[in-house]
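Please look over the sequence and the structure below, then read on.

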Amino acid sequence: MTVGSFEVGGASAGNYEGRVTLFVVITCLVAASGGLIFGYDIGISGGVTSMDEFLKKFFPSVYAKEKNASGHESQYCKFENHLLTLFTSSLYLAALIASFFASATTQKFGRKISMTTGGLIFLIGAILNGAAVNVEMLIIGRLLLGVGIGYANQSVPVYLSEMAPPKLRGALNIGFQMATTIGIFAANLINYFTASMPANGWRVSLGLAAVPALMMTVGAIFLPDTPNSMIERGQKDEAREMLKKIRGTENVEQEFTDLLEASEASKRVEYPWKKIMEPQYRPQLVITCLIPMFQQLTGINVIMFYAPVLFKTLGFGNNASLMSAVVSGLVNVFATFVSIFTVDKFGRRALFLEGGIQMIICQISVGVLIYKVFGVAGVGSFSKEMGNLALALICIYVAAFAWSWGPLGWLVPSEIHPLETRSAGQSINVSVNMFFTFIIGQLFLSALCHLKFGLFFFFAGWVVIMTAFVYFFVPETKNMPIEEMNRVWKAHWFWGSYIPDDAVGLQHHKSVAV
């Protein structure tokens, strides 16, 4: 037995009758568009905070420091400003809090209601940001955007995991991450063009966030709810018909029976937040806390939030920094396609491990390169060749993240929980993700100022830790029906002792091979 690597056997794993229907593909694509609002915001904020007009209006001290002509200002520190980072990171604090309310909404009213709610609140935030006249209005708008993202990120991955057939759950769920990367790329491209507008370019950039919000809201209104959610709310007949529709067959009894069994177990749980703390849910709880934390400690949002600011820090001109962000955003989109086409073939673990190794190499290389150019003092500038090398290394790093920790950081936590703790588990996933996104977003510019090139070594060290964690403690979940996921945990060398023999999904499938 290879430590950490497990395949679960048994007759029915992933073999429910049915086919991939056009209906379920379209439904999942519409739902995945919820990732657009998340991605657009990640991409837009870094570009806007590098625009002179925006800085001059809202953050004049940062603008003055950036334009310092003495030549002795450290490149590492010229954007350090806690109010500026609060503009970016306040959204994620709001998303953290909102995800807990979203859990109750998702469980009581269904997944589509949460998606619709998130879209509407995000729309209001986008309008406020586009019309902002002071920092307070900007921050309030950002907080509303955060509430919208908290609802969307809590409900969309769960919706996708429940609607998708087991053999395509990875690919369809990664549609959320694909939409996120498209949102980032679109935002980078919009920033590139609005930065050259004579006035109010930043308003256009922030205000256009209303477009993905409208797409998500309108799409969610017309989406059906998942069979799992219908059963959870007592709509068994409707759930059976929906299951037939999304599986493209009349014979759905085996899957429907498993869903009913999961629902009955769920109903016996009066307090899911208390239940998820019990030992039998320890594997899911630990994975759900650590994976989103690790996802942010890859350092990716250093690139995604602050790409234009980072490239300006490294000595790129304003247009060059924005175009470099566009290039890295485009790499992000194409690399996510790699994950879509490989995640259900090679599995989650293979992508986690390869992506981790690639990120470690790139981060160390970028750190060494920045040290060679700027040293400890932060004085110097990139030659064209060194600048292109830095951009290439960052793009290779982004590609590694985009086919590993990017999509899998959302996919794996959304597919490992039994129904009785699924909403609570996804809320924990979102809240931990948003908490560490907030911390890194708030501290990055100060960390760059104080750790300098060592910041990249800091993140590389974390990627070493998370890659080792995946190797030893994250089992393979590809092709396993979502309501039988306990079989994966029961077969694991470490987690198996936590799972009782009568856990949901084990009763009818005693044959388990490791």
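Does Leu369 count as buried or exposed? Leu369 counts as buried, at 8% relative accessibility, where buried means under 20% relative accessible area, exposed over 50%, and partly exposed in between, with a 1.4 Å probe and protein chains only. The structure is a predicted model, in which local features need pLDDT of at least 70 and side-chain atom pairs count only at pLDDT 80 or more, while totals for chains, interfaces and linings use all residues. Residues are numbered from 1 along each chain as its sequence is written, and side-chain values use heavy atoms, leaving out hydrogens and water.

**Overall make-up**

- The protein chain has 23 helices and zero strands; helices (H or I, at least four residues) and strands (E, at least two) are DSSP runs, numbered from the N terminus.
- Of the 514 residues in the protein chain, 63% are buried.
- Among contacts between residues at least 6 apart in sequence, 81% join residues at least 24 apart; contact means heavy atoms within 4.5 Å.

**Confidence**

- The average pLDDT of the protein chain is 85, and 89% of the residues score at least 70; pLDDT is the predictor's confidence in each residue, from 0 to 100.
- Confidence is highest in helix 15 (residues 282–297), at a mean of 96, and lowest in helix 16 (residues 300–313), at 65.
- The pLDDT is below 50 over residues 1–14, a stretch with 48 contacts in the model beyond near neighbours in sequence.
- Residues 510–514 also have a pLDDT below 50, and this stretch has 14 contacts beyond near neighbours in sequence.
- Where pLDDT is low, the predicted coordinates should not be read in detail.

**Helix 6 and helix 10**

- Helix 6 (residues 111–130) packs against helix 10 (residues 210–222) at an angle of about 155°, with the axes 8 Å apart. Axes are lines fitted to C-alpha atoms, for helices over the stretch in contact, and angles run from 0 to 180 degrees between N-to-C directions.
- Helix 6 is therefore roughly antiparallel to helix 10; angles under 35 degrees count as roughly parallel, over 145 as roughly antiparallel, 65 to 115 as roughly perpendicular and the rest as oblique.
- Helix 6 passes helix 10 in a left-handed crossing. A crossing is left-handed if the near helix is turned anticlockwise from the far one by less than a right angle, and right-handed if clockwise.
- Residues making this contact include Met115, Gly119 and Leu123 of helix 6 and Ala213, Thr217 and Ile221 of helix 10.
- By class, the contact of helix 6 with helix 10 has twelve nonpolar, three polar and one charged residues. Ala, Val, Leu, Ile, Met, Phe, Trp, Tyr, Cys and Pro count as nonpolar, Asp, Glu, Lys and Arg as charged, and the others, Gly among them, as polar.

- The axes of helix 7 (residues 135–163) and helix 21 (residues 419–451) come within 9 Å and cross at roughly 135°.
- At that angle, helix 7 is oblique to helix 21, and their crossing is right-handed.
- Among the residues in this contact are Asn153, Gln154 and Pro157 of helix 7, and Arg422 and Gln426 of helix 21.
- The contact of helix 7 with helix 21 has six nonpolar, six polar and two charged residues.
- Gln426, in helix 21, is buried, with a relative accessible area of 1%.
- Not counting residues up to four places away in sequence, Gln426 touches Asn153, Gln154, Pro157, Val158, Trp410, Pro413 and Ser414.
- Gln426 and Ser103 are 323 residues apart in sequence, and their C-alpha atoms are 7.7 Å apart in space.

**Helix 2 and helix 8**

- Helix 2 (residues 34–48) and helix 8 (residues 169–194) pack with their axes 6 Å apart, at an angle of about 30°.
- Helix 2 passes helix 8 in a right-handed crossing.
- Residues that meet here include Gly35, Gly39 and Gly43 in helix 2 and Ala179, Gly183 and Ala187 in helix 8.
- This contact has twelve nonpolar, nine polar and no charged residues.

**Individual residues**

- Leu369 is found in helix 18 (residues 348–374); Leu369 and Ala390 are 21 residues apart in sequence and 7.3 Å apart in space, C-alpha to C-alpha.
- Lys452, in the loop between helix 21 and helix 22 (454–473), has a positive phi near 60° and is not a glycine.
- Asn479 lies in the loop between helix 22 and helix 23 (486–491) and has a positive phi of about 65°, although it is not a glycine.
- Asn479 counts as partly exposed, at 25% relative accessibility.
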